[in-house]
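Here are my notes on the model, point by point. Please read them with the coordinates open.

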Amino acid sequence: PKVIEFIQKYDYGILTLTSEDCAQLPPAEISELSKVCGQLKSLKELYDQLSSVRSDIQDIQDILLGMEKERGTDQNDKQQFEAELEDLSQEKRDLEIHVAREIIRCVRRFNSGNPNENNVYVDKNEPDAVVVEIRAGAGGDESMIFTEELVRLYERLGGRKRWKVHVLSTSPGLVAGFREAVVKITGPDVYETLKYEAGVHRVQRVPATESGGRVHSSTISIAVMPFDSRTADSIKVDLHENDMKIETMRSSGAGGQNVNKVETAVRITHIPSGMVVTCQEYRTQLQNKETAKKLLLERLMAKEITKLATEQSQARRDQLGVVAGERSDRIRTYNFLQTRVTDHRVPGLTICGCLDDIMNGGNSFERLVSEIHEHFERQEIENIIRESFS
């Protein structure tokens, strides 16, 4: 268990620092041992208190067991011991929670080095960016529209928190919205904030095209991949003329005789990847060609970033065992008719009357995220208690 590992590390540090041979150690090693002992001191004190309470509980249980075997036991004494046992059991539970919280803090300390300007320990392995992949699922056009709305949600949230939000690529829907969107978000605590957004999101509302007023259910899926933006410098994408098949065609739609009669539209096929882009936005072929090349380069870059983020996510999974951020079962429902959001992972977590604020990435969204994090932190504490004290 982690608690035993930390206590052994503390005991070794104290034993070394108080030994006669300590003076012969290099100053850097003495400083490091002192730092480790300082970081683990609170955990050691809490663990000693817990050990003492557990010992007292065992003593009282032995006394009560002896009373069970003896005849003529004073019932007042027995009730007094039982009441004391109940108090100690509650104290034990409280101390176990404190120890578990301190273990979480110690893990962060040892992964972070020095605290930041707010005296908060930040995991130095924590990624400074995420790549969010949003895909339309069941529900057709309505699902694609909701995909675009969620992209806007994260853009607005990023604006409030002063994160850098870059839409790497989008795949337009048939009528509106996006079939798929890939967004890179960079900033402090971005992975910690968004990691539990991954999963299947369901939207329930009456589509604008629904004349009968029936409520439709649609789904989209989100993957949140941790990404170290410092590694983005290693991504190089070059466009070579030999790798591109460039075709021209007449533009469709309004635009005058020149646009409709002259081949101003451009389609570029990237032969190695099979990626195709088309541009007919401008009145001249040259402008459309340059725009199509730029769009192709952006999409190829987005593909490489997504690939690297997936690899980093896999590496993190290998290190930590599991990584929040993968698509899974339905996690959340947005009911527009009742203006409520329900997160299905947290029992009883439904926020009513704040749907607009949530969709705008406002305070209600942060409240939702906070309650989800508290839920998973409680689970982590229970896991530590089971691992350490069962």
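1. Nonpolar patch. V206, V215 and L337 form a nonpolar surface patch, with about 250 Å² of accessible area together. Patches are made of residues with over 30% relative accessible area and no salt bridge; nonpolar side chains (Val, Leu, Ile, Met, Phe, Trp, Tyr) are joined within 5 Å, like charges within 9 Å. Accessible areas come from the Shrake-Rupley method with a 1.4 Å probe, and for residues only the protein chains shown count as cover. V215 sits in the loop between β4 and β5 (216-227). V215 is partly exposed, because its relative accessibility is 43% (buried means under 20% relative accessible area, exposed over 50%, partly exposed in between).

2. Basis. This is a predicted model: local features need pLDDT of at least 70, side-chain atom pairs count only at pLDDT 80 or more, and totals for chains, interfaces and linings use all residues. Residues are numbered from 1 along each chain as its sequence is written, and side-chain values use heavy atoms, with hydrogens and water left out. Helices (H or I, at least four residues) and strands (E, at least two) are DSSP runs, numbered from the N terminus.

3. Two or more of its residues come from each of α2 (27-69) and α3 (75-112). α3 gives the most, with five residues. D87 belongs to α3. D87 counts as exposed, because its relative accessibility is 54%.

4. I57. This residue lies in α2. At 9% relative accessibility, I57 counts as buried. The C-alpha atoms of I57 and L88 are 6.5 Å apart, though the two residues are 31 apart along the chain.

5. Salt bridges. The count comes to 22, where a salt bridge is a side-chain nitrogen of Lys or Arg within 4 Å of a carboxyl oxygen of Asp or Glu. One of them joins D48 to K44, with the closest N and O atoms 3.5 Å apart. Both residues lie in α2, four residues apart, about one turn of the helix. An α-helix has 3.6 residues a turn, so residues three or four places apart point the same way. D48 is partly exposed at 38%, whereas K44 is buried at 17%.

6. E142 and R205 meet in a salt bridge, 2.2 Å from N to O. The pair links distant parts of the chain: E142 is in α4 (residues 141-161), R205 in β4 (residues 199-205), 63 residues apart. Both E142 and R205 are buried.

7. E192 bridges to K195, with 3.2 Å between the closest N and O atoms. E192 is partly exposed at 28%; K195 is buried at 14%. Salt bridges that share partners also join E197, R332, D343 and R345 into one network.

8. Helix α4. α4 has 21 residues and reaches 31 Å from first C-alpha to last, close to the 30 Å expected (1.5 Å times one less than the number of residues). Its buried residues include M144, F146, L150, V151, L153, Y154 and L157. Just after α4, R162 takes a positive phi of about 60°.

Key:
Buried < 20%, exposed > 50% of the residue type's maximum accessible area, 1.4 Å probe, protein only.
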